[in-house]
Amino acid sequence: MPTFHIHPDVWLLFGTILALYFVGIRRHLLATGEATPPRRQRLFTLGVGILWLASSWPLHDLAERYLYSAHMTQHMLFTLIAAPLLIAGVPVWLYRELLRPRAVRTVFRFFTRPLVALIVFNTVLVFTHWPAVVAASVQSEPLHFVLHVAVVGSALAMWWPVMSPLPEMPPLPPPGQMMYLFLQSLVPTIPAS
């Protein structure tokens with residue numbers, strides 16, 4: 001087991017994200033009287049907590065220096081648990097606020113289209129598990145961070161066609177979701193093998 005130490009950058013990043021979230025929902029409540037449901041708050045907090053757990057001691061240290069299985073656990077926490085929790089935890093009004101700038105909305109719509117999200121997520125998945133990229137990432141903390149941001153960002157885009165809460169950007173119908181998720185399961189067999 002690696003020696004215990006705190007990763008201050010991880011604590012600062014996720015503490016800031018949580019603080020901004022709770023300040024935002026408080027301001028929204030004061031401005032409109034509309035409360036964010038406690039369930040959404042718990043889901044978002046849990047999603048950030050999972051990101052923190054996967055990015056901090058001991059899992060981060062095990063993944064970076066000792067065990068590839070810890071690295072895979074870390075990425076599964078990012079993509080299969082944290083990303084859907086984060087999507088489910090953000091209130092609709094906050095999505096609309098974040099997507100208000102036309103350029104942001106256009107880019108977001110593009111990357112969350114089912115085919116684009118499928119290609120981007122699986123490309124990121126294969127690229128981040130390429131042996132040379134893995135070796136480089138354990139030598140460079142900034143590169144490691146950028147790769148983790150890419151993994152989480154692509155996972156958020158990947159889950160959007162299944163979980164979108166926005167009527168103006170609806171999720172796929174259930175049969176489409178089943179096919180989409182089935183297709184998502186094909187490429188991960190490459191790095192797994």
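Guide: Let us begin with the elements: helices (H or I, at least four residues) and strands (E, at least two) are DSSP runs, numbered from the N terminus. The model is predicted, so local features need pLDDT of at least 70 and side-chain atom pairs count only at pLDDT 80 or more, whereas totals for chains, interfaces and linings use all residues. Residues are numbered from 1 along each chain as its sequence is written, and side-chain values use heavy atoms, with hydrogens and water left out.

Visitor: What is a cavity, and which helices each supply at least two residues of the lining of the largest cavity?

Guide: On a 1 Å grid over the protein atoms alone, a cavity is a set of points where a 1.4 Å probe fits but cannot get out; a pocket is an open set with protein on both sides within 12 Å along at least five of seven lines, and lining residues have an atom within 4 Å of a point. Grid points are joined across faces, edges and corners, and a volume is the space filled by probe spheres set on the points. Here, helix 4, helix 7 and helix 9 each contribute at least two residues to the lining of the largest cavity. Helix 7 provides the largest share, four residues. The lining consists of H75, T79, F121, V124, L125, T128, H129, V151 and S154. The volume of this cavity is about 30 Å³, and the count is one cavity of 30 Å³ or more.

Visitor: How is burial judged, and is T79 buried or exposed?

Guide: Buried means under 20% relative accessible area, exposed over 50%, and partly exposed in between (1.4 Å probe, protein chains only). T79 belongs to helix 4, residues 68–89. Its relative accessible area is 8%, so T79 is buried.

Visitor: Which residues is T79 in contact with, leaving aside its neighbours within four places in sequence?

Guide: Contact means heavy atoms within 4.5 Å. With those neighbours within four places left aside, T79 is in contact with P84, F121, V151, A155 and W159. A polar contact is a pair of N or O atoms within 3.5 Å; within protein, one must be able to donate a hydrogen and the other to accept it, and residues adjacent in sequence count only if both atoms are side-chain atoms. In this case a polar atom of the T79 side chain lies 2.9 Å from the backbone oxygen of H75.

Visitor: What may be said of V151 and H148 in helix 9?

Guide: V151 lies in helix 9 and has a relative accessibility of 4%, so V151 counts as buried. Not counting residues up to four places away in sequence, V151 touches H75, F78, T79, V124 and T128. H148 is also found in helix 9; because its relative accessibility is 11%, H148 counts as buried. Its contacts, leaving aside neighbours within four places in sequence, are Q74, H75 and F78.

Visitor: What is a salt bridge, and how many does the count come to?

Guide: A salt bridge is a side-chain nitrogen of Lys or Arg within 4 Å of a carboxyl oxygen of Asp or Glu. The count comes to two salt bridges. E168 pairs with R96, the closest N and O atoms being 2.8 Å apart. This pair links distant parts of the chain, 72 residues apart: E168 is in the loop between helix 9 and helix 10, and R96 is in helix 5 (residues 92–98). R100 forms a salt bridge with E97, with the closest N and O atoms 3.0 Å apart. R100 is exposed, at 56% relative accessible area, while E97 is partly exposed at 41%.

Visitor: How much space lies in the largest pocket?

Guide: The largest pocket holds about 1200 Å³ of space. Of its 40 lining residues, the closest to the centre are I17, L86, V152, G153 and L156. Helix 9 gives the most to this lining, with 13 residues.
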